[in-house]
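Consider the sequence and the fold together. The text below begins with a single residue and then turns to a sheet and its helices.

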Amino acid sequence: MAIFYHSTRDVNKKKITASQAILQGLSPDGGLYVPDRIPAIDFPLTALANMSYQEVAFKVLRLFLTDFSENELQECINAAYGKNFDDPAIAPLVFHEGAFYLELFHGPTIAFKDIALQLLPHLMTAAAQKNHSHKKILILTATSGDTGKAAMAGFANVPNTKIIVFYPQAGVSPIQERQMLTQKGTNTYVFGINGNFDRAQTNVKNIFNDQAFKQQLANLNYQLSSANSINIGRLFPQVVYYFYAYGQLLAKRQLTNGQPVNFSVPTGNFGDILAGYYAKKMGLPIKHLICASNKNKVLTDFFQTGIYDKNRPFYVTSSPSMDILVSSNLERLLFYLTDSDPAMTADLMQQLQQHGAYRISPAMQAILAKDFSADYADESATSQEIAHVFETCQAAIDPHTAVASQVARRFAAANINDQPMIIVSTASPFKFPKVVLSAITDSKVDQVPDLTALQQLQQIIGIPYPSTIKQLLENQPQKRHLLEPNQMQAAILKIIA
Ligand SMILES: *Cc1c(COP(=O)(O)O)cnc(C)c1O
């Protein structure tokens with residue numbers, strides 16, 4: 001049955017198709033697109049045990065993206081999940097001391113955003129054709145580091161697309177900059193901006209709102225699109241690995257059919273864990289979704305008190321992809337908590353906009369507690385967790401994974417004999433060599449250059465470098481291009497003219 005999409009804030013619930021929602025990204029009223037119902041799975045759970053990642057992706061995505069033909073979906077999935085991942089399982093599940101780690105870092109940028117960003121470009125070009133748009137797609141992204149590289153890797157050489165990434169010149173690490181400057185592809189462009197991330201982000205947003213500029217682009221046969229994490233084309237590919245993980249446990253005979261599991265999810269923008277919520281609502285037996293935060297624990301406080309309050313200090317931590325005070329995907333969860341009430345959702349978002357805070361009712365809090373629990377790990381607990389897992393299992397985990405692992409450990413201690421625990425492992429340890437090296441050698445590495453830390457880490461943990469790291473070391477970076485913020489539009493026009 002067809003599924004349509006509407007904005008979380010639109011009282012009329014005006015419907016568009018999945019492909020239109022993917023092309024638009026954000027709704028014009030500022031809300032996020034949600035499906036008009038959450039589909040139930042139409043296959044038995046036991047079947048998951050024998051399915052490849054690609055097969056699970058097909059079975060799950062076809063339930064949401066109902067205006068894509070089976071052929072189109074299959075082609076997109078085949079293009080996204082193949083040799084560009086360094087493990088044929090795509091998302092292997094490994095066991096370390098009491099818990100399973102679902103490794104989502106085997107794609108081209110060794111972090112979990114690849115899972116969605118390898119698929120999104122193909123969904124977008126298929127969506128454009130379907131809507132008879134003959135325009136080419138232009139993706140603009142402001143990045144504080146990782147998303148830019150993952151988006152470039154996803155769109156590289158995808159026909160009829162171009163991607164331009166802007167990063168704050170002083171706001172990314174040398175490794176992150178080098179990753180972007182060594183990206184191959186005839187349609188990828190990257191600029192350093194003189195200013196901080198907010199500056200770059202605000203300017204990109206302004207370009208998206210500049211009607212005259214958009215018309216200029218249209219005359220050059222381009223339409224703007226966004227690859228950011230509120231796009232349903234990034235959300236639903238993340239639902240897939242929750243099902244896949246369950247199938248892997250069935251295949252390993254670690255579960256009886258229908259037995260519930262827990263997931264501990266390192267959370268920032270709330271996209272990853274929200275995908276787990278959709279999986280549960282579709283029929284996957286998940287008991288607890290554990291929302292794990294770092295020292296920026298605005299979500300822990302929200303789940304525990306019912307008050308969301310971003311008026312607080314912002315900390316730079318060793319898990320930077322979770323250093324977030326406004327988790328944009330939480331709006332979708334609020335929509336469900338309000339019993340799909342757009343007026344109430346819009347009101348809460350309005351309070352957040354005006355006061356930086358809102359409070360949900362005790363009744364809503366009770367509904368939340370049925371699906372979620374939440375906790376956080378500070379910097380020293382995170383570092384100790386990396387050391388502990390290395391000592392007990394000779395396995396190196398990255399700081400984001402360590403936050404989830406530490407929170408899961410505390411959960412298991414407080415809930416003895418609870419269900420099997422799956423920790424969502426979102427980045428390779430090689431992505432954060434200094435933090436991991438410092439934790440497992442219990443030494444200060446502040447003065448060690450990144451590349452040296454990388455080599456030392458590799459020698460200690462004895463795993464070969466992923467190909468991304470090899471390329472980073474071997475390929476000559478392209479020349480760095482710097483821009484003043486007010487030169488961004490001119491730079492874009494120069495590329496597409
Ligand atoms: C983005 C990211 C997260 C957080 O995921 P959200 O969907 O933003 O909650 C966690 N770990 C890593 C490594 C990430 O890149």
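Thr-382 has a relative accessibility of 1%, so this residue counts as buried (buried is under 20% relative accessible area, exposed over 50%, partly exposed in between, with a 1.4 Å probe and protein chains only). The model is predicted: local features need pLDDT of at least 70 and side-chain atom pairs count only at pLDDT 80 or more, while totals for chains, interfaces and linings use all residues. Residues are numbered from 1 along each chain as its sequence is written, and side-chain values use heavy atoms, with hydrogens and water left out.

Thr-382 belongs to helix H16, residues 379-393 (helices, H or I of at least four residues, and strands, E of at least two, are DSSP runs numbered from the N terminus). Leaving aside residues up to four places away in sequence, Thr-382 touches Ser-318, Ala-377, Pro-399, Ala-402 and Val-403 (contact means heavy atoms within 4.5 Å).

An open sheet of mixed pairing is formed by 6 strands in the order E3-E4-E14-E9-E10-E13 (two strands pair if DSSP finds at least two bridges between them). Strands E3 (93-96) and E13 (372-376) are at the edges with a single partner strand each, so one side of each lacks a neighbour in the sheet. On average, neighbouring strands are turned by 25 degrees against each other, direction ignored (axes are lines fitted to C-alpha atoms, for helices over the stretch in contact, and angles run from 0 to 180 degrees between N-to-C directions).

Within the sheet, E9 (residues 261-266) and E14 (residues 421-425) pair in the parallel sense over 3 bridges. Asn-262 stands opposite Met-421 in E14. Helix H11 (residues 271-282) packs on the sheet, touching E9, E10 (286-293), E13 and E14, and its direction makes about 170 degrees with that of E10. Helix H12 (residues 298-305) lies across E10 and E13, at about 135 degrees to E13.
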